[in-house]
Amino acid sequence: MSKIWKTGLYIHVPWCRRRCPYCDFFFEVGETSSNYVDALCLELEHRIQEHRIQSFDTIYFGGGTPSLLPTIDLKRLFKQSELNPKLSEESVIEANPEDLSERWICDIRDLGFHRISVGVQSFDDALLKKLGRLHRGQDAFNKLQRLKKYTGIGIDLIIGTPIETTKRLRNDLDHILRLMPQTVSLYMLTIEEETHFDKLVQLGKMPPTNDIKQLDDYHQAVSTLKEAGYIQTEVSNFRRPDYQTAHNEIYWAGGQYLGLGPGAHSLLISNESGLRAHQKADIQAYLKEPTSPLIVDETLDSQSLFDDFLAFGLRNLEHGVDIISLEQITGAQVRQTQIQVLERYVDSGHLTRFDNNIRVTPLGIDILDRIQGDLLFD
Ligand code: SF4
């Protein structure tokens with residue numbers, strides 16, 4: 001393998017103020033632990049040595065609710081670990097609107113994050129209440145207007161809920177276009193097992209999601225954002241033309257990432273192979289022993305790395321996959337069956353090909369899972 005892999009750092013903050021009725025992520029309800037930053041620093045140092053990581057190109061704080069972590073702890077983390085959000089290619093922290101206090105905004109600005117990704121979900125108070133969110137639409141809008149003076153912002157929007165109307169979606173999109181955030185992420189609601197929404201659906205107290213309506217909502221949101229000048233980088237992600245995203249590119253475009261914290265997943269690549277692994281989803285165990293061995297999900301030889309990056313790289317709608325560079329960085333070769341699958345979908349208009357670069361067309365987005373499956377298993 002001739003190329004040095006880009007490396008992303010993901011830091012999980014596994015606490016939330018309360019459980020949203022649709023969420024099945026790993027977190028606990030309550031305050032963050034003051035020992036957590038020390039545990040993260042220990043784990044970081046250990047994994048850097050264990051996997052000979054030179055540096056991180058991007059830093060991403062996800063959750064849970066990272067904005068629950070006191071900024072004094074964040075400062076301590078950066079000081080102890082010598083990580084610097086200002087110097088990375090992209091540094092992002094997720095936040096909930098109710099945490100965007102004047103003080104928090106100033107601290108985050110001083111730390112030098114490039115983007116605050118805010119879980120707004122909707123600007124409509126009635127929908128927010130049903131989604132169990134703690135903020136109000138106008139308040140979130142005002143705070144985002146203030147925040148964008150200091151740093152890049154991203155907005156997460158939930159779409160395709162069975163309790164949402166077309167008028168509400170239009171209203172949410174109008175608010176987004178008034179704010180023109182650097183990035184927009186659309187989250188299609190899925191009713192996950194064992195969530196409160198799942199129970200309501202089972203009891204007949206809430207309608208299930210409707211595939212056709214969800215697709216309509218998705219297409220409406222995509223065309224509104226594109227008409228406003230946004231570039232669709234992934235199936236659900238958009239960026240302004242004057243802002244470059246880097247962290248997610250690593251997931252899809254051939255790179256490794258280290259996930260820190262309980263429940264966090266990693267893909268670590270050495271010259272010989274790749275390793276998909278995760279930390280046990282147990283906060284107390286993590287605080288006691290943050291450097292415990294990762295749980296291995298899968299080891300990947302160079303052909304498996306190639307296959308994964310080919311299939312999942314198609315999620316990068318903006319740049320697609322360059323077959324020759326992928327062969328060079330993995331040391332593997334495209335398989336004959338994969339060439340046949342690619343040709344079949346190019347002929348049907350679901351993929352396009354320019355020289356060695358393969359991209360998904362708008363028609364192909366709706367069947368991307370099937371294309372990926374065929375590339376992996378045909
Ligand atoms: S704030 Fe986010 S992570 Fe926490 S429960 Fe709600 S949706 Fe899940």
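First, the ground rules. This is a predicted model: local features need pLDDT of at least 70, side-chain atom pairs count only at pLDDT 80 or more, and totals for chains, interfaces and linings use all residues. Residues are numbered from 1 along each chain, as its sequence is written.

The overall fold. The protein chain has 15 helices and 17 strands. Those are DSSP runs, numbered from the N terminus: helices are H or I with at least four residues, strands are E with at least two. The C-alpha trace spans about 55 × 50 × 45 Å along its principal axes. Of the 378 residues, 40% are buried, which means 20 or more other C-beta atoms within 10 Å of the residue's own, with C-beta atoms placed from the backbone.

Now the ligand. Which residues surround it? Cys16, Arg19, Cys20, Cys23, Phe25, Phe27, Gly63, Gly64, Thr65, Asn96 and Gly119. The cut-off is a C-beta atom, placed from the backbone, within 6 Å. By class, that shell has five nonpolar, five polar and one charged residues. Cys counts as nonpolar here, and Gly as polar.

Last, the sheet. Three strands form an open, antiparallel sheet in the order S15-S17-S16. Two strands pair if DSSP finds at least two bridges between them. S15 (321-322) and S16 (351-354) are the edges; each has a single partner strand, so one side of each is left without a neighbour in the sheet. Four bridges join S16 to S17, residues 357-360. Phe354 stands opposite Asn357 in S17.

Technical notes. Buried ≥ 20, exposed ≤ 12 C-beta atoms within 10 Å, placed from the backbone.
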